[in-house]
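Subject: Structure handover

Hi,

Here is the structure for you to look over. My notes follow below it.

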Amino acid sequence: MELGISSFGEVIPDQVAGRALNAHTRMQQLLEEIKLADQVGLDVFALGEHHRPDFIISAPEVILAAAATQTKTIRLSSAVTVLSSADPVRVYQNFASLDLISNGRAEIMAGRGSFIESFPLFGYDLNDYDDLFTEKLELLMAINQQEVVSWQGHFRPSIPNVGVYPRPYQPTLPIWLAVGGTPASAVRAGSMNLPMTLAMLGGTPDRFVPLVNMYRQAARKAGHDQIPLAVNSHFYVADNSQQAANDFYPFYAVLMNRIGRERGWPPLGREQYEYLRQHGPLLVGSPQQVIDKLLTFHELFQNTRYLAQLIGGQSADHPKLLRAIELFGTQVAPVIRKELAATQQAI
């Protein structure tokens, strides 16, 4: 099982037209976090695209390209690329360029996106939410498979037998499909032989098992087998359990309640936080607690990748995030790899 980190690049908004000092500091911190993840032996770092003042990442591939020059082996992915409001040609070109810079470490995680700010920004109609994604995913897949493309769709001008360049260092770019909890999305991923990343934000982990089963059943029905599966949840590890709980709660509550006010969710308090930590997908605790829960996830899903979504945003958070990355890479990951290798040998 690959172990990695995802980030949305939380930031305190500068609310200025230029001289964005908070954004500058956060960007440098983010690059430092990716560099450390590579140094401690984690497998992947993924950056999520947003178009909001409280997240710094609107162009993941640009930041990942900078990180590529400071890292050696870690795979570099979006988490996600909001494909519905993007041009698949430019998405492909940008990630192919990243692949060339990184010596073949680029990945695309495509999704419809749970935030909708990009639609009015780029002139798309939310009524076309599903149709946009379907059409653009098909075009991205076609570009990935062939150098010269002939294509005609509804939302984008046709491509009349034209080459798309540059081509990547890898034979093809790995394209993952990001899914929240929609059965149709899981079925689509399986049917198209696309690796799926499942985001677990609430409830209990076992409620996602039927979705994973749909994904694998759709894949087998379409003649595919053994396609990768990633699960993703909010994450924080510290030297001991109480420290982890106390460190993570303030910025987790701020983030979830800010988004919750926009979406009509009830306020999140400490009691619900502790429930999610003990029984839900929230992975917050000591290294041993994190190990135990990751192994439980693997028993449930037989996933081939886990992405730990870190939350930060203030300068005071940064040393804590670095420590969490260090513990994840040096204390958690080696045990997980050893345990799963032993299980595999016993089969």
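Gln302 sits in the loop between helix 10 (287-301) and strand 12 (305-310). Helices (H or I, at least four residues) and strands (E, at least two) are DSSP runs, numbered from the N terminus. The phi of Gln302 is near 50°, a positive value in a residue other than glycine. At 46% relative accessibility, Gln302 counts as partly exposed. Buried means under 20% relative accessible area, exposed over 50%, and partly exposed in between (1.4 Å probe, protein chains only).

Before you go further: this is a predicted model, where local features need pLDDT of at least 70 and side-chain atom pairs count only at pLDDT 80 or more, while totals for chains, interfaces and linings use all residues. Residues are numbered from 1 along each chain as its sequence is written, and side-chain values use heavy atoms, with hydrogens and water left out.

Gln226 also has a positive phi, near 60°. Its place is the loop between helix 7 (209-221) and strand 10 (229-237). Gln226 counts as exposed, at 71% relative accessibility.

Two peptide bonds are worth a look. Ala79 to Val80 is cis, with omega near 15°. Val80 lies in the loop between strand 3 (75-78) and strand 4 (81-82). Tyr165 to Pro166 is cis too, with omega near 0°. Pro166 belongs to the loop between strand 7 (159-163) and strand 8 (175-179). For context, most residues other than glycine have a negative phi, and most peptide bonds are trans.

**Strand 12 and its partners**

Six of the six residues of strand 12 are buried, so the strand is largely enclosed by the rest of the structure. Arg305, Leu307 and Gln309 are buried on one side, and Tyr306, Ala308 and Leu310 on the other. Strand 1 (residues 2-7) pairs with strand 12 in the parallel sense over six bridges. Two strands pair if DSSP finds at least two bridges between them. Leu3 stands opposite Tyr306. Strand 10 and strand 12 also run parallel, joined by five bridges. There, Asn232 stands opposite Leu307.

**Pockets**

The largest pocket holds about 940 Å³ of space. It has 44 lining residues, and those nearest its centre are Gly113, Ser114, Gly180, Ala199 and Leu201. On a 1 Å grid over the protein atoms alone, a pocket is an open set of points with protein on both sides within 12 Å along at least five of seven lines, a cavity is a set where a 1.4 Å probe fits but cannot get out, and lining residues have an atom within 4 Å of a point. Helix 8 (241-263) gives the largest share of that lining, four residues. The lining of the largest pocket divides into 21 nonpolar, 17 polar and six charged residues.

The second largest pocket has a volume of about 290 Å³. Its lining counts 13 residues, with His298, Gln302, Leu340, Thr343 and Gln344 closest to the centre. Helix 11 gives the most, with five.

**Cavity**

The structure holds one cavity of 30 Å³ or more. Its lining is Met200, Leu201, Ser233, His234, Tyr252, Leu276, Pro281 and Leu282.

Best regards

Technical notes. Contact means heavy atoms within 4.5 Å. Grid points are joined across faces, edges and corners, and a volume is the space filled by probe spheres set on the points. Ala, Val, Leu, Ile, Met, Phe, Trp, Tyr, Cys and Pro count as nonpolar, Asp, Glu, Lys and Arg as charged, and the others, Gly among them, as polar.
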